[in-house]
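Good morning, and thank you for coming. Please look at the sequence and structure now on the screen.

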Amino acid sequence: MAEPSLSIKGLRAGYGSLDILNGVDLDVPQGQFVALMGPNGAGKSTLLKTLYGMTTIKGGNISWQGKDITALKSRAILAEGISWVPQGRCNFPVMTVDENLQMAAYTLRDSQVKAERDYVYDLFPILKTRRNTLAGNMSGGEQQLLEVAMAVLQRPKILLVDEPSVGLSPSAIGIVFDELLRINATGQTILLVEQNTKKAMEVAQRAVILRLGKVIWDGRPADITHDELGELFLTGRMRGETEVEH
Amino acid sequence: MTPAELTAATTGRDLRVPFGVALVALACAAPLFLGNYPLHAMIIALIFLLPAHGLNLLLGYTGLLSLAQAAFFGIGAYTSALLAVHFGTPFYVNFLAAGLMAGAIALPLGIPALRLRATSFVMCTLGFVIIGQAIAKNWITLTRGDMGLAAIPKPWFALGPASFTVSGTVGFYYLVLAIAAIATLVAYLIVRSPAGRNMIAIRENETLAESVGIPTWHYKLVVFMISAAFAGLGGSLYAHYLTVVSPLTFQMYYSTTMLIIVLGGGAGTISGVIFGSLLFVGLTEALRVAPELRMIAYGFFLLGLVFWFPSGFAPLIGRFWSFLERRK
Amino acid sequence: MTGLPILDISGLCKSYGAVRAVDGVDLQVDRGEICGLIGPNGSGKSTFFDCVTGLAKPSAGAVKLDGQDITGWSLNDIAREGRMLRSFQKTVVFSALDIEENLVIAGQMFTFPGIWSTFGIGSAARNRVAALRERARELIKIAGLWDVRFQPAGKLSGGQQKLIQFASMLMPEPKLILLDEPMAGINPKLIERVVESIRLANTSFGVSFLIIEHNIDVVTSLCRRVVVLDQGRKLAEGTPDDIVQNQAVREAYLGG
Amino acid sequence: MFYTITEQVVNGIVSGSVYAIVAVGMTMIFGVLRAINFAHGEYYMLGTFGAWFAIDYFDLPYPVALVIGVIATAVIAVVVGNFVMQRIVGAPAEAGVLATLGVALILQNTVILLFGGSYKFFSGGYIEPVSVFGFTLAEQRILIIIVGLVTFVGLELMVTYSRMGKAMRAVSQNIECCAVVGIDVRHIALWTFIIGACLAALSGVLTAPVNVSVYGGMGELITFKTLPIIIMGGLGNVRGTFVAAMILGIAESLVATYVGLQFRDTVGFATLMLVLMWRPHGLFSAQARF
Amino acid sequence: ARSEDGTVRLGLVAPMSGPNARYGAFSMRGAQMAAKEINDAGGVGGRKINVMPGDSQGTPVEGVSATRRLIDQDQVDFIIGDVSSSVTLAMQPVVEDAGVLLLNAASSNPMITYKAGAGGFKWSFRNYPTDENRALLVLQYAAEKKGFTKYAVLSVDSDYGRAAIQFTKKYLPRFKSAILTEDYYKEGEVDFRSVLAKIRDSGAQAIIMYGNADSSPIVGRQMMEVGIAGKIPLIGNAEFNTASTIKAAPKAMEGAIEAAAWLPAYDSPKSKAFVEKFTAEYREAPNNHAYVHWETVHLLAKAIEQAKSIDREKVRAALSGIHYDSAVGEVTFDDHNQARLPMILLEIEGGKPMIKGAYKAEIDYPK
Ligand SMILES: Nc1ncnc2c1ncn2[C@@H]1O[C@H](COP(=O)(O)OP(=O)(O)OP(=O)(O)O)[C@@H](O)[C@H]1O
Ligand SMILES: Nc1ncnc2c1ncn2[C@@H]1O[C@H](COP(=O)(O)OP(=O)(O)OP(=O)(O)O)[C@@H](O)[C@H]1O
Ligand SMILES: [Mg+2]
Ligand SMILES: [Mg+2]
């Protein structure tokens, strides 16, 4: 494996006094495409939020390219080249698609913005046709596309995406995942949270499974079958392990 | 209501009862050890408790921020005063009429206002106060305008041929205490009923509440009327206690006072409101030691409240409960 | 149980300015049926739901529920009838309340006749609420939310909130439930359970369903009939197998 | 008759332009902080006091006093912004009401404590009446109208085209998402607040010569005039606020003439209620837009 | 008496915070200055006067709270207050119950003394002219000396402004006069242009204005703008005669007629000395409220002196029969505990206030 560029050690974090992550260890080398999976409420979104500086960290540390980013605020993290697409709606509903993309480029220089915008319009032509529609008036799936586009536009070094496939039609899911693969090919690291495990295991180079705030499985998608995955979600153990116990 | 509170409400009942009894006993015995002036402060606190309960039902439970309490307070005060001065009716007639009048007027006002959302609703309710004051000032034949109505008689009751007048601070204190206790019980029963749960649902998410079949519009209207009636009853006590009403009764000051009581005590809890009214009146009276600095200190108190106790002092009470329980 | 369809919609249209979100759709849901509604993003599925349930006013067309014309009724008018309930695509819950309270509220209006009775404090009211709690606990177990049942719903994960919404729909057992993407963000194992409980409600209580879903596996396994929308119009209708084979559907929706 | 009506309309426009400058600051603050600023009038008062102080104690000319009044307010706004306003971003509406009421009490009574409660006499400005199209106005009022127009055009441009303006709109719509795209919400909130407070101060100093009296409690009335305007204009809507201010100015003027001055202060809220019955989201748009 | 510490405990209820704080500030300064003068001269009967403030915020409920506190907590024997009539009306029953002497110095609503003395409340006194007296005086002067018959009303929308006009109307027929337009402005109003234009077109000969001092300069300036300055004079009472008001709009104030309990410009040695001393002390000229409170403290001191005790009963008796020389003339009380006060009438001529006389009138109480 290459030199780890994102390194999470013994991370404990949560909301207020409530701990959700109970010691997460994860090393992600530059350019890897990681799928984070796990049952509902496992703490996947919380992990991404924590990486983006949006929760209270109780212990452990996060470093990125050798730099400790544990205590940084989200704006500073963004400046380090880490972008986040949160779960659920996150756009400016009373601004047009065009303006939303401009806001996404808030930290970029003005000259860059236009080129970047044209680039995402090429990627997602449907957004181009709706460029003057208010974001809040679009369908759920269209908004989801917009949000992915907003993050892509920032050209981050690490992209944290939380369930980008939610609400997308099968063909749109195809487009989004193709795009993730493509930007991954340009060297960007991707941390993808997905419930659509089938699709996620197709595209990711590595699968990490979280349960009750801990990593319980980490390996290549090819090394785990679908049924085993389901079993892991439910019990936290592989079938093989249970048999050994008996 | 947070789950913590819900559990506290069920498991803590055994403690609540003795504690509540002790509190009531203390309140009953207050005239034995309180002078006239502290008793007066208690009376004011208890009078304000009524509109505050009303506002709490509206804001704390149903999620509607209203500044109209002063308007209904004023309507109640004037209704009572006019009846007492012109017709010499006994207290309970004036008192009930004040509540009914305020509640009834809330209906036509609520129908257009409750269609508005958040800030527009707030401003509309503020408008009621301002327009109410203009009416009280200009409908001179009825209200005597700015001269106000003075010499409102002390509360008296007629029971058949016998009649009985409540006079003196102590007498009035017991009258107000009894009424406040009943009002608190009524408010408690409302929020503990299924309707109370529906009100919270409206507060949390109106569209969702509608989609699960809660007639949000009716509830809002009913709660708005109930809250107005509470304010009207408070206004009646106010008029009989101070013996004057003037257009100044319609003043933003009273609306914000109610707001401070409810939020300071803890919106969405009954005990919080009781605590809030005592605290508020205690504070304003305590601050009298430095008249020039009084309002400045009060301003800082508000800021402290917002930033350090954003959900009022009720969580403190909750913590006190769990402390007691752990000791047990 | 045959006869009239439970939901009968004809020529439904909805436009927002120049956008024709729904453009003349006819659709029937038979009694006891589980019907699927699919289509590409922005094809007008959610808008269709909005028009049927009264959240939006249709520009044209008629909606009949159980033989009764309910076109133009408001969301609340329809919901209060208690025959048809819906869930929302964007998850909404009563954030400050725990799961049990969320579910009790969802069932409450259907066990209390009229708003005045909800102010009741007697044992009759208490018993009703207790029964609701009982049912709520059952559903919480089914949805796999037992461990977090005391947490405020607003502080649960996205998927958990989606499950609360689903469970709320089952609380009062209406005749028809419209679900807008109930499986979005739910883990594969739980999807199986949700599918199971939909089947159960359908077979043992005769609840009909109209389900918007992008998870095509779920749609094919659950629905007897699937309707496909595209750009506000009905593109196809038929059994899941027909639909998956349909060339037009493949192009517009499934991709390739 | 016709002359009277026209004259009253002109009077209405004159008072409308004062309302407009104060209200636009408040509407911007609301747009970003989602808080009704009950202390807004106090910044109007502070500006006036600053200018009065400069004139009375140091004999400075009016234009210099104007600058001093605005700067003094800005300094106070920085403090209030840092310690109070930034912290109510994203808080529920009630918190905003209480906090700004608290600030109003503090500012108002501190000024009273420092300068005494009595009214002061403002002696600067250009108060000579001049005749324009047959109407006589104090020169100062012409200045007010001009400054009002310039402010509005400037703000409208800023809000639509500048980075800051767009960020302000963004903050008003979705705070969490601002973190995602890297907008510093607290920074934007602070600056919006300072600009809003300075606009209030500016209109305070501009009107001081014609209003003459300066006293600690003068802000409250302005706050109450402004509230219906910003709701009518559509919260956060600069253009709407301008139009609403003019409508209110003219309506007040006509009511004062044909109904009675005592009803003047009710006009704002009465008009507001009528407007809201007809258009629940204000005169202009269904949604907030700067 | 309750106070055993050898002082005279004197409560002062006034709005010390809130929008009307400016009245309270003046009242307090006037009273404190008087107390200091008396104490420096050895006190009353050897006792120092201790002024204890109570904030009424201008609202009845706060006023009553303040009064209660002064009585029960601070153990005062005498209270002076409040400025607002509605607050004073609410305080009356409280002092009546407690048997504490209330000496009002600045409320002008006639009801206060309708109900006092022979009217019922034996502990309420008022050392301030009522609205009725003033209204009559102004109208009489305007009609007889100026020949006005057509008036426009522009008064403050408060108990004070409203009551003054109510009594003006009572006396209109006597002078065969009429009111053509009637408007009331809210305290703090700054825009009078519309109303002044209406008045200009109405044909009124004078504007009857009963208001507070801070509005007068604004009205004056806007009269200049609307073009009626110097043509339609102001009459009534709103401190037309202070130097700053005249300076603000000299042309508009020319010919203004005012009837007042007192004015800084009043030309008597005692008054002049007060103004000088106050200005030196507080770097600000006194207003009417400062004066009346200053004078009332002195009046009370004299009553205590005459009673030779701070026993309230005795002081009350002394007050009823007092003959006190105030800065504007002799003060006595009638059977309703209302002071018979001279009222001064001034007219501005050539930019200077000219005193046209001091008048007293008996009040006819409603039967
Ligand atoms: N804002 C919050 N405050 C308190 N607790 C929270 C909050 N958000 C989430 N939690 C808790 O953290 C746990 C993990 O939540 P998280 O959102 O990380 O789950 P997840 O793995 O992303 O699940 P899903 O697949 O359903 O999105 C949940 O059980 C929830 O109770
Ligand atoms: N309020 C509105 N104003 C304008 N256009 C709207 C509005 N609501 C929906 N639309 C448009 O109507 C079309 C249909 O939207 P709808 O939400 O019904 O799609 P959908 O089929 O549910 O898509 P998805 O699968 O992405 O949820 C979209 O193109 C959307 O932009
Ligand atoms: Mg998640
Ligand atoms: Mg949809």
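At what angle do α11(E) and α12(E) pack, and how far apart are their axes? The angle is about 110°, and the axes lie 12 Å apart; axes here are lines fitted to C-alpha atoms, for helices over the stretch in contact, and angles run from 0 to 180 degrees between N-to-C directions. The two helices are therefore roughly perpendicular to each other, a term covering 65 to 115 degrees.

This is a predicted model, in which local features need pLDDT of at least 70 and side-chain atom pairs count only at pLDDT 80 or more, while totals for chains, interfaces and linings use all residues. Residues are numbered from 1 along each chain as its sequence is written, chains are lettered from A in the order in which they are written, and side-chain values use heavy atoms, leaving out hydrogens and water.

The contact (heavy atoms within 4.5 Å) is made by Lys270(E), Phe274(E) and Phe278(E) of α11(E), with Ala290(E), Tyr291(E), Trp294(E) and Glu295(E) on the α12(E) side.

Turning to α11 of chain E itself, this helix comprises residues 269-282. Its buried residues (under 20% relative accessible area, 1.4 Å probe, protein chains only) are Ser271(E), Phe274(E), Val275(E) and Phe278(E). Seen down the helix axis, they fall within an arc of 95°, so they line one face of α11(E); the arc is that of the directions from the axis to the C-beta atoms. These buried residues pack against α1 (21-40) as well as α12 (288-307) of chain E. On the face turned away from the buried side sit Pro269(E), Glu276(E) and Ala280(E), which are exposed, that is, over 50%.

Finally, just after α11(E), Arg283(E) adopts a positive phi of about 50°.

Methods. Helices (H or I, at least four residues) and strands (E, at least two) are DSSP runs, numbered from the N terminus. The expected span of a helix is 1.5 Å times one less than its number of residues. Angles under 35 degrees count as roughly parallel, over 145 as roughly antiparallel, 65 to 115 as roughly perpendicular and the rest as oblique.
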